[in-house]
Amino acid sequence: MRENDYNKLLAEKSTLESLIEETPPYAIVDRMSLESRLKSVKAAISKVDTRRLVKKTIFTFRGKPVHKSYGITAEFSGKAIDSLNNMIASVVASLNNNLRFSGPIPNREQHQLLITGTATGSFGFELELPEPDYDLLAGRNGTEEAIDDIQKLLQYGIDGTDEQISDVINEIHPRAVRKVYDFLELMFRSEALFAMEFNKNLTRIDSQEVLKKLITRLSEENINEFIEEYKGQFQGVLPNSRTFEFMEYSDKTLIKGKIDHTFEDPDVINRDYLHKSVTVEFKVVQFGQAKPKYTLKDIKKIN
């Protein structure tokens, strides 16, 4: 079910309940009719799996390619929508741990947005998300999470700290971050500005200065990713959240981080490696002046 249709059911339920409360006791037929309809609406609501609601995001544009609220150039709108689709599909693939540094974006066709209408105010589009791919085990919806992450990345890039940006980038493959950067560069080259709205959150890029700031902060020069090797002992692992604490030997630093998806059973660390001397490989991601983020890639050997 589409989110708009679900919201209409909720609104109708609220209206019917108010009408029933206002209906005088002697209007028996009217009350029965309202109560019958309310029963049907409640039944329809109870059948809805809210995790699988089809949602919309709204993108509006301003600037050189846009003629107020009348229209937008076909060349720019085509490039913008294609770049937007690439950005979202890349982040979804990154969250699903199957994005590579080159080659086709995995399952790109499954994450295409559907234009269902134009957005007023400036000129833009209402874009319907694909049928939700809600992962019951992971407890998330990939496309929604991707758009949430993109919106966070943009908002933090405008007024957030390096630590906030780092938290998002740590979850996203460098190629996916590059797709966000490419979209921003397209806006800059086209002398366009934009705003995006999703789940009642609005992010607006309202000047070329703000756009330049975003491009500078999200450039590859600000993002360092490398592999480091440490010797030490695991102090503890939380398998469900896939996080660890590791005490390295050289200066007794306690390293906290997450466990790569290649470890199908993170609890094996608790069973086989806890408080034992090991050599490990971490992927380290550092954004700007933020603290490094560590991801366990490999346990090489037990000393």
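**View 1. Isoleucine 72 sits in strand β3 (residues 71-72).** Helices (H or I, at least four residues) and strands (E, at least two) are DSSP runs, numbered from the N terminus. This is a predicted model, in which local features need pLDDT of at least 70 and side-chain atom pairs count only at pLDDT 80 or more, while totals for chains, interfaces and linings use all residues. Residues are numbered from 1 along each chain as its sequence is written, and side-chain values use heavy atoms, with hydrogens and water left out. With a relative accessible area of 17%, isoleucine 72 is buried (buried means under 20%, exposed over 50%, partly exposed in between; 1.4 Å probe, protein chains only). Setting aside neighbours within four places in sequence, isoleucine 72 is in contact (heavy atoms within 4.5 Å) with Phe61, Pro65, Val66, Ser77, Phe123 and Phe125. If you look for glutamine 151, 79 residues apart from isoleucine 72 along the chain, the two C-alpha atoms are separated by 23 Å.

**View 2. Phe61 belongs to the largest nonpolar core, which has 52 residues.** A nonpolar core is a set of buried Ala, Val, Leu, Ile, Met, Phe, Trp, Tyr and Cys residues joined through side-chain atoms within 4.5 Å. Along with Phe61, the residues with the most contacts inside this core are Leu184, Met187 and Phe194. Ten residues come from helix α3 (residues 74-95), which gives the most to the core. Beyond its neighbours within four places in sequence, phenylalanine 61 has contacts that include Ile72, Phe76, Phe123, Met187 and Phe194. A second, separate core has 18 residues, among them Val237, Phe244, Ile269 and Tyr273.

**View 3. Five strands make an open antiparallel sheet in the order β4-β5-β1-β8-β9.** Two strands pair if DSSP finds at least two bridges between them. At the edges are β4 (114-119) and β9, each pairing on one side only. From one strand to the next, the twist averages 20° (axes are lines fitted to C-alpha atoms, for helices over the stretch in contact, and angles run from 0 to 180 degrees between N-to-C directions). Helix α4 lies across β1, β8 and β9, at about 130° to β8. Helix α6 (residues 174-189) also packs on the sheet, where it touches β1 and β8 and makes about 135° with the direction of β8.

**View 4. Strand β8 (residues 192-198) is largely enclosed by the rest of the structure, because six of its seven residues are buried.** Six bridges pair β8 with strand β1 (residues 56-63) in the antiparallel sense. Here glycine 63 stands opposite alanine 192, and phenylalanine 61 has phenylalanine 194 as its bridge partner. Two residues lie between β8 and β9 in their hairpin, and asparagine 199 in the turn has a positive phi of about 50°.

**View 5. Helices α4 (residues 142-159) and α7 (residues 208-217) cross at roughly 105°, their axes coming within 9 Å.** The two helices are therefore roughly perpendicular (65 to 115 degrees; under 35 counts as roughly parallel, over 145 as roughly antiparallel and the rest as oblique). Leu154, Tyr156, Gly157 and Ile158 in α4 meet Val210, Lys213, Leu214 and Arg217 in α7.

**View 6. Lysine 256, in strand β12 (residues 254-259), is exposed, with a relative accessible area of 55%.** Not counting residues up to four places away in sequence, lysine 256 touches Phe244, Glu245 and Tyr294.
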